[in-house]
Amino acid sequence: GGIMTGKQCSSSSIRYLNQSEAVALDQDLFNEYKFSVDQLMELAGLSVAMAVAKVYPPSLYKSSLIVCGPGNNGGDGLVAARHMKLFGYKVAVHYPKRTPRPLYENLLHQCKNFGVDIVEQLPHPKDLINDYNILVDALFGFSFKPPVRDELKPALDALLDSGLPVCRYSKVIYLLFCCT
Ligand SMILES: NC(=O)C1=CN([C@@H]2O[C@H](COP(=O)(O)OP(=O)(O)OC[C@H]3O[C@@H](n4cnc5c(N)ncnc54)[C@H](OP(=O)(O)O)[C@@H]3O)[C@@H](O)[C@H]2O)[C@@H](O)CC1
């Protein structure tokens, strides 16, 4: 049995997964439950958008910036961007390192078609506050190996140094939404 087996979701049993548990859960979802990557990514991104909207409603935090990394975590961010746009946010995506795979290319295409603004060059972290009310961290998931390489350092600095609220997420979010 995998990590999902026999687990009940109740508020008292909710806790964060560590990196190896998140990887194991992923393997369970693929191998035992036969989910596809796009299915899981759509569920993850929608859950992120719903969680963000619950904590930072678009009526109060109108303008959002989602910082997307090169892997599946970045893909979750692209999905979240599309849903957040539908929820009424003004949405911008910064996606500095693009992995040439149809999965990501199609998600980016969908973002553009949904009116998400693609920002190539970020302003200085301290100036982000002039344009945005919240940031969403979709830079790395469980395959991140520190230290961060130079190519993605500016994206990370934006998330660390803006002074804006930053929504961070992990697998646990969509597990919660699966269970409730
Ligand atoms: N598995 C699934 O199907 C699903 C997973 N989901 C989500 O995906 C997350 C895991 O996704 P993932 O395995 O693609 O890896 P992720 O952490 O996003 O990034 C890897 C990228 O980062 C790069 N990189 C690493 N270290 C670096 C460094 N120091 N500095 C710079 N770059 C660095 C690395 O580059 P590389 O080292 O390979 O050249 C690679 O390009 C998981 O946490 C969950 O949120 C959901 O979508 C549901 C479906």
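Predicted model: local features only at pLDDT ≥ 70, side-chain atom pairs only at ≥ 80, totals over all residues.
1. A residue is buried if 20 or more other C-beta atoms lie within 10 Å of its own, with C-beta atoms placed from the backbone. By that criterion strand β4 is mostly covered, since 5 of its 5 residues are buried.

2. Overall content. The protein chain has 6 helices and 5 strands. Read from the N terminus, the elements run α-α-β-α-β-α-β-β-α-β-α. Of the 180 residues in the protein chain, 32% count as buried. Where contacts join residues at least 6 apart in sequence, 84% of them join residues at least 24 apart.

3. The sheet. The strands form an open sheet of 5 strands in the order β3-β2-β1-β4-β5, and the pairing is parallel. The edge strands are β3 (117–118) and β5 (166–168), each of which pairs on one side only. Helix α5 (residues 153–161) packs on the sheet and touches β1, β2, β4 and β5. The direction of α5 makes about 140 degrees with that of β1.

4. Pairing of β1. Strand β1 (residues 63–68) pairs with β2 in the parallel sense over 5 bridges. In that pairing, Val67 stands opposite His94 in β2. On the β4 side, 5 bridges join β1 to strand β4 (residues 134–138), and the two run parallel. Ser64 has Ile134 as its bridge partner in β4, and Ile66 has Val136.

5. Strand β2. This strand covers residues 90–94. It is mostly covered, with 4 of its 5 residues buried.

6. Strand β4 in detail. In a regular strand the side chains alternate between the two faces of the sheet. In β4, Ile134, Val136 and Ala138 point one way, while Leu135 and Asp137 point the other way. All of these residues are buried, Asp137 included. Strand β4 also pairs with β5 in the parallel sense, over 3 bridges. There, Leu135 stands opposite Val166 in β5.

7. Leu65. This residue has its place in strand β1. Leu65 counts as buried because it has 25 C-beta neighbours inside 10 Å, against a threshold of 20 or more. Leaving aside residues up to four places away in sequence, Leu65 touches Ala92, His94, Leu128, Tyr132 and Leu135. The C-alpha atoms of Leu65 and Asp117 are separated by 9.1 Å, although the two residues are 52 apart along the chain.

8. Helices α2 and α3. Two packed helices are described by the angle between their axes and the distance between the axes. For helix α2 (residues 37–55) and helix α3 (residues 72–86), the axes come within 7 Å and cross at roughly 55 degrees. That angle makes α2 oblique to α3. The crossing of α2 and α3 is right-handed.

9. Residues at the α2 and α3 contact. From α2, the residues that meet α3 are Val37, Met41, Glu42, Ala44, Gly45, Leu46, Val48, Ala49 and Val52. Their counterparts in α3 are Asn72, Gly75, Asp76, Val79, Ala80, His83 and Met84. The residues of this contact divide into 10 nonpolar, 4 polar and 2 charged.

10. Backbone features to check. Most residues other than glycine have a negative phi, and most peptide bonds are trans. The peptide bond from Pro146 to Pro147 is cis, with omega near 0 degrees. Pro147 lies in the loop between β4 and α5. Lys34 is a residue other than glycine with a positive phi, near 60 degrees. The place of Lys34 is in the loop between α1 (19–31) and α2. Lys34 counts as exposed because 8 other C-beta atoms lie within 10 Å, where the limit for an exposed residue is 12 or fewer.

Definitions and conventions:
Residues numbered from 1 in each chain as written. Axes fitted to C-alpha atoms, helices over the stretch in contact; angles between N-to-C directions. Parallel < 35°, antiparallel > 145°, perpendicular 65-115°, else oblique. Left-handed = near helix turned anticlockwise from the far one by under 90°. Contact = placed C-beta atoms within 7 Å. Nonpolar A, V, L, I, M, F, W, Y, C, P; charged D, E, K, R; others polar. Pairing = 2+ DSSP bridges.
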